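Look at the sequence and the model first.

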Amino acid sequence: MNKHLLVTGGAGFIGANFISYILSNSNYSITNIDSLTYAGNYKNMEPFQKSNRYRFIKCDISNENKLKAAFDQEYEAIINFAAESHVDRSIIDATPFITTNIKGTFNLLQAVLSGKSKKMIQISTDEVYGSLQPSDPPFIEESPLAPNNPYSASKAGADLLVRSFFKTHQLPLVITRCGNNYGPMQHAEKFIPKTIQNALQDKSIPLYGDGLNIRDWIYVIDHCRAIHMVLEKGTAGEIYNIGGSGEKTNREVIESILNKIGKSIDLVKKIEDRKGHDRRYAIDFTKISQELGWKPSVSFEEGIQKTIDWYKQFERR
Ligand code: NAD
């Protein structure tokens, strides 16, 4: 029988890309549990919902009683993507971020502790490290946790719970921390989909502050490939940074998209800066490269063109 993964949050952006990737590139079967918040989208699951190696259970990871329904078998691994993921929303109301990102992760760790899964990979973010100055070296796995907004604080809290379950119970747990992803199926509230869709419709494109905040962009399939390698070869208790060698200012990202779509920079409209806006993220991914042999394979130029082509075909709200 095929080994079976429990993927959480597989109706969202990265989770849905990961399920497609795994079904095409391995023999794993997958159970996807997702509570279908505003960020979960049935359409994201269309490409694989008829696969005989896939099933979907609508379930909230923060509800330990309902979660029991998903644990009707022992899993090879839990891959935890489910999260409240939008910084701007966490600034308005952090409550669901605490519930899902911390309590939900805790419930999954309890399931591993009770023998329901052989291992778990916690999908975290570089945002737990806080913000870099222009001349600082990129984040390494030992960089201190210094989250600056409720989203990144809730992800850092979850990471610390994972660490504690590894140290206390010697559970086979791994954390991955990736930079900003872009690619097909991302929700329209996020920076790149919003920029592409507004440009395609000649609507104004909001740009925070001076537009010089830097993110380290990675094409989503490169991230999925890295998680697959961590699943196969990662060492329990370790953290793996995942980066795309793709540092760009927000202004550069918008310029690149407008150039490719053939629209004017005049669409850009500066707006008041985000509260507590991190200035720069950059990721040193030497560890995963040297230990697991992973490196990004899609350049920003190539990935952003694929992403634009996808949004031309499939609108996302
Ligand atoms: P997303 O918001 O697109 O998707 C999140 C999914 O989780 C949605 O389908 C939603 O319905 C589901 N969900 C939310 N709360 C749930 C709950 N209580 N129970 C079950 N399902 C629930 O997010 P994403 O961009 O795909 O991010 C996935 C993961 O990757 C997150 O943990 C995020 O912190 C992490 N991450 C994202 C990025 C990025 O750039 N998007 C970068 C690094 C790490």
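A cavity is a set of grid points where a 1.4 Å probe fits but cannot get out, and its volume is the space filled by probe spheres set on the points. The model is predicted. It holds two cavities of 30 Å³ or more.

**Second largest cavity**
- The space inside the second largest cavity is about 40 Å³.
- Its lining consists of Tyr182, Trp217, Ile218, Tyr219, Asp222, Gly244, Gly246, Val298, Ser299 and Phe300.
- By class, this lining has six nonpolar, three polar and one charged residue.

**Packing of α9 and α11**
- Helix α9 (residues 250-261) packs against helix α11 (residues 300-313) at an angle of about 60 degrees, and the axes lie 11 Å apart.
- That angle makes α9 oblique to α11.
- The two helices cross in a right-handed sense.
- From α9, the contact uses Val253, Ser256, Ile257, Lys260 and Ile261. From α11, it uses Phe300, Glu301, Ile304, Gln305 and Ile308.
- Six residues of this contact are nonpolar, two are polar and two are charged.

**Second largest pocket**
- The volume of the second largest pocket is about 320 Å³.
- It is lined by 19 residues, of which Arg163, Ile175, Arg177, Gly237 and Ile239 are the closest to its centre.
- α6 (150-169) and β6 (173-178) each give at least two residues to the lining.
- α6 provides the largest share, six residues.
- The pocket lining has nine nonpolar, two polar and eight charged residues.

Terms used
Residues numbered from 1 in each chain as written. Predicted model: local features only at pLDDT ≥ 70, side-chain atom pairs only at ≥ 80, totals over all residues. Heavy atoms only, no water. Axes fitted to C-alpha atoms, helices over the stretch in contact; angles between N-to-C directions. Helix = DSSP H or I, 4+ residues; strand = E, 2+ residues; numbered from the N terminus. Parallel < 35°, antiparallel > 145°, perpendicular 65-115°, else oblique. Left-handed = near helix turned anticlockwise from the far one by under 90°. Contact = heavy atoms within 4.5 Å. Nonpolar A, V, L, I, M, F, W, Y, C, P; charged D, E, K, R; others polar. 1 Å grid on protein atoms, 1.4 Å probe; cavity = no way out; pocket = protein on both sides within 12 Å on 5 of 7 lines; lining within 4 Å.
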